[in-house]
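Reader: I would like to learn how to read contacts and surface features from a protein model. Could you take me through them one at a time?

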Amino acid sequence: MHNPASSPDGAYLPGATVKYVIETLSTRIATQEYATEERLPSERQLAQELGVARNTVREALDHLESRGMIRRRPGSGSFVTYDPNIDGQTLSPVAADTGPLQLQVMRGIIEPEMVRLAVVNMSPRQIEALSVVLSKMERVQTDATAFVRLEEEFHRLLAEGTGNPLLIACYNLVLDARRQSFRAAMYRRYLTPVRLATYQRGYNGLFNAIAARDIEEASEFMKLALIEDQRMLLQED
């Protein structure tokens with residue numbers, strides 16, 4: 001029997017319940033609720049906590065392993081391998097070869113359409129997962145690295161919310177490229193507490209537009225965020 005969760009390019013779209021488990025666990029991993037090298041709770045514990053069947057948890061873990069976020073050790077359990085603190089951590093040579101301006105061009109092409117599709121297709125559970133990440137973003141006051149990690153997770157959830165497997169696969173490359181060391185250094189230099197507060201207000205507005213299913217408003221917020229990132233890249237104050 002074919003195991004769709006092993007797709008290396010992330011093209012498989014799981015069912016709604018499996019997707020809920022994937023989003024919950026990946027958010028916990030990306031935000032370091034489950035730290036790097038930490039052992040995850042057992043399948044039985046996760047199933048009980050999340051109110052799903054064990055085979056649903058198992059399928060979600062397979063998916064996370066295919067994305068390189070966890071490693072399964074027979075007889076020992078599942079361990080987090082994702083490390084957000086490693087500068088230049090990329091999963092693709094394409095991302096490693098992508099320059100700053102090339103990255104901005106691709107974001108300008110993909111992200112406005114991505115948010116439009118997300119507004120149309122995101123389920124209430126997916127919007128709730130987005131809200132959890134936003135709440136954590138709003139609590140960051142000075143840690144630029146933590147904010148960027150949460151920002152990436154916010155965008156990843158938006159991509160998955162489109163329900164388009166090809167867009168999700170393409171955007172995974174964009175996220176890889178965003179993790180290059182030049183961006184990490186740039187964010188640490190640029191994201192002062194005042195600018196963090198500005199970004200937080202922008203993401204709050206974006207989330208409210210998504211929750212209200214307001215395509216035009218959400219698209220406008222996304223475009224403004226891209227303009228701000230372009231300004232950061234060019235170091236225009």
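Author: What follows goes through salt bridges, aromatic pairs, surface patches and backbone angles.

Reader: What kind of model is this, and what should I keep in mind about the values?

Author: This is a predicted model, in which local features need pLDDT of at least 70 and side-chain atom pairs count only at pLDDT 80 or more, while totals for chains, interfaces and linings use all residues. Residues are numbered from 1 along each chain as its sequence is written, and side-chain values use heavy atoms, with hydrogens and water left out.

Reader: How many salt bridges does the structure hold?

Author: The general idea first: side chains of opposite charge can pair when their charged atoms come close. The cut-off is a side-chain nitrogen of Lys or Arg within 4 Å of a carboxyl oxygen of Asp or Glu. By that rule the structure holds 15 salt bridges.

Reader: Which side chain meets Arg 28 in a salt bridge?

Author: Arg 28 meets Glu 33, at 3.9 Å from N to O. Arg 28 counts as buried because its relative accessibility is 12%, whereas Glu 33, at 45%, counts as partly exposed.

Glu 33 also forms a salt bridge with Lys 136, at 3.6 Å from N to O. Lys 136 lies in helix α6 (residues 124-139) and Glu 33 in the loop between α1 (16-30) and α2 (43-50), so this pair ties together parts that are 103 residues apart in sequence. Lys 136 is buried, with a relative accessible area of 18%. As for the element names, helices (H or I, at least four residues) and strands (E, at least two) are DSSP runs, numbered from the N terminus.

Reader: Which residues are linked in a network of salt bridges?

Author: Glu 43, Arg 54, Arg 58, Asp 62 and Arg 72 are linked in this way. Within that group, Arg 72 and Asp 62 form a salt bridge whose closest N and O atoms are 2.8 Å apart. The pair links strand β1 (residues 70-73), which holds Arg 72, with helix α3 (residues 54-66), which holds Asp 62; the two residues are 10 residues apart. Arg 72 is partly exposed at 22% relative accessibility, and Asp 62 is partly exposed at 24%.

Reader: How many aromatic pairs are there?

Author: Rings of Phe, Tyr and Trp (its six-membered ring) pair if their centres lie within 6.5 Å; planes under 30 degrees apart count as stacked, over 60 as edge-to-face and the rest as tilted. The count here comes to 3 aromatic pairs. One of them is Phe 147 with Tyr 203, edge-to-face, at 6.4 Å centre to centre and 65 degrees between the planes. Phe 147 sits in helix α7 (residues 144-161) and Tyr 203 in helix α10 (residues 193-211), 56 residues apart. Both Phe 147 and Tyr 203 are buried.

Tyr 203 also pairs edge-to-face with Phe 154, at 5.1 Å centre to centre and 75 degrees between the planes. Phe 154 lies in helix α7 and Tyr 203 in helix α10, so this pair ties together parts 49 residues apart in sequence. Phe 154 is buried too, as is Tyr 203.

Reader: Where is the nonpolar patch, and which residues form the negative one?

Author: Patches are made of residues with over 30% relative accessible area and no salt bridge; like charges are joined within 9 Å, and nonpolar side chains (Val, Leu, Ile, Met, Phe, Trp, Tyr) within 5 Å. Areas come from the Shrake-Rupley method with a 1.4 Å probe, and for residues only the protein chains shown count as cover. Val 105, Met 106 and Ile 109 form the nonpolar patch on the surface, with about 280 Å² of accessible area together. Ile 109 is in helix α5 (residues 100-121) and counts as exposed at 55% relative accessibility.

The negative patch is formed by Asp 214, Glu 216, Glu 217 and Glu 220. For charge, Lys and Arg count as positive and Asp and Glu as negative, with His and the chain ends not counted; the place of a charge is NZ of Lys, CZ of Arg, CG of Asp or CD of Glu. Glu 217 is in helix α11 (residues 215-234) and is partly exposed at 38%.

Reader: What is the phi of Glu 37?

Author: Phi of Glu 37 is near 75 degrees, a positive value in a residue other than glycine. Glu 37 is in the loop between α1 and α2. Arg 213, also not a glycine, has a positive phi of about 60 degrees, and its place is the loop between α10 and α11.

Technical notes
Buried < 20%, exposed > 50% of the residue type's maximum accessible area, 1.4 Å probe, protein only.
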